[in-house]
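The sequence and structure come first, then the notes by topic.

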Amino acid sequence: MREAFGAVFDVEPGYLNTASIGVPPRHVADAVTASHERWRRGQDTSSTFNEAVETSREAFGRLIGVPSASVACGATVSQFVSLVAQSLPVGSKVFADPGDFTSVTLPFVAAGHQMVSTVDECDLVAMSVVQSADGKIADLEALRASGKAVLLDVSQAAGWRPLSLAWADFVVGVAYKWLMAPRGAAWMAVRPDRMPSLKPLAANWYSTGENYGTDLVLRSDARRFDLSPTWFSHVGAAVALPWVATLDLEAVRAHCVKLTDRLLNGLGLPPNGSAIVSVGRPPVQGVVSSVRAGRTRYACHMYNTIEDVDRVLEALA
């Protein structure tokens, strides 16, 4: 048991893998467990979960600096990126970092768009705010100044970095990493002037409010792009995200970076200012990490301690 930022975590020592799966604080896990018990007893209806969906939607908006009316709920990043990709004019030019996660890049390839090598020649930039493989942080000010349309993935940033992204055309992110909620919930913020450009490719009862019929009457805000929600994922997200949104995220960032700096310094490597680092050393026994792009990836979140990092350094000494 560990206490961090006012919450209790049951994470075991040596867990440095939040970039793959975030560990929930006890109060989030307890809320999900209680919802499973209600399900087991047949105590819920579909409308039972509406409040959780709206709570998590609003909290995601707060975390990235946009109103809830601009936020759609879904299940995965690739679903939302595909919505943007399929709505672009045929043959659009898209810039994406070749090393970015495939959920950000491949929907544009599948849609037949031209992938270009510079921002100057593109119609849209698609980029992770923090890269999954090595923790590299995007230059958001340069992107904003470019004047290009921008899609940002905050899956590896929201939860440990302060974000203010109302200027971006599209912002996507998932629940199950740094936001420490169950897998199965994702969100996309759409800048209001970009909503008419998106086609409602997955129109459904949740995005229209109609259970039957063939009349397509979409909701007036970003909910027109909703998927029918994954209930228990939103139960957890409705507890985790509002809690995270109340934290001093600059303090969370400083805590995480202090730990990664200690790890990199101990290995004779320069700091990268991120909560994610990758090293050209083999994984360490007794430490939970990941291998990405042929390197061992470590991720330090709010529940990690110096002792977790020193396990790595002692094993590699």
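Buried means under 20% relative accessible area, exposed means over 50%, and partly exposed is in between (1.4 Å probe, protein chains only). At 17% relative accessibility, D221 counts as buried. The model is predicted, so local features need pLDDT of at least 70 and side-chain atom pairs count only at pLDDT 80 or more, while totals for chains, interfaces and linings use all residues. Residues are numbered from 1 along each chain as its sequence is written, and side-chain values use heavy atoms, with hydrogens and water left out.

**Salt bridges**

- The structure holds 15 salt bridges, a salt bridge being a side-chain nitrogen of Lys or Arg within 4 Å of a carboxyl oxygen of Asp or Glu.
- One of them joins the side chains of R2 and D308, at 2.6 Å from N to O. R2 lies in strand β1 and D308 in helix α9, so this pair ties together parts that are 306 residues apart in sequence. Both R2 and D308 are buried.
- Another is formed by K136 with D97, whose closest N and O atoms are 3.0 Å apart. K136 sits in the loop between β6 and α5 (140-146) and D97 in the loop between β4 (93-96) and α4, 39 residues apart, and the pair links distant parts of the chain. K136 is partly exposed, with a relative accessible area of 44%, whereas D97 is buried at 17%.
- D221 and R223 also meet through their side chains in a salt bridge (3.2 Å, N to O). R223 is partly exposed, with a relative accessible area of 26%.

**Nonpolar cores**

- A nonpolar core is a set of buried Ala, Val, Leu, Ile, Met, Phe, Trp, Tyr and Cys residues joined through side-chain atoms within 4.5 Å.
- The largest core has 61 residues, of which F9, L152, V154, W187 and L241 touch the most other members.
- Contact means heavy atoms within 4.5 Å. Leaving out residues up to four places away in sequence, F9 touches residues including M1, V23, M180, W243 and Y303.
- In soluble globular proteins, nonpolar side chains tend to be buried together.

**Helix α9**

- Helices (H or I, at least four residues) and strands (E, at least two) are DSSP runs, numbered from the N terminus.
- Helix α9 covers residues 306-316, and D308, V309, D310, V312 and L313 are buried in it.
- These buried residues pack against β1 (2-4), α8 (249-266) and β12 (295-299).

**Exposed loop position**

- D120 is placed in the loop between β5 (114-116) and β6 (124-128).
- With a relative accessible area of 70%, D120 is exposed.
- Its C-alpha atom is separated by 9.7 Å from that of G147, which is 27 residues apart from D120 along the chain.

**Cysteines**

- The whole structure has 0 disulfides, a disulfide being a pair of cysteine sulfur atoms within 2.5 Å.
- For C256, the closest cysteine sulfur is in C300 at 7.1 Å, too far for a bond.
- C256 is buried at 0% relative accessibility, and C73 is buried with a relative accessible area of 0%.
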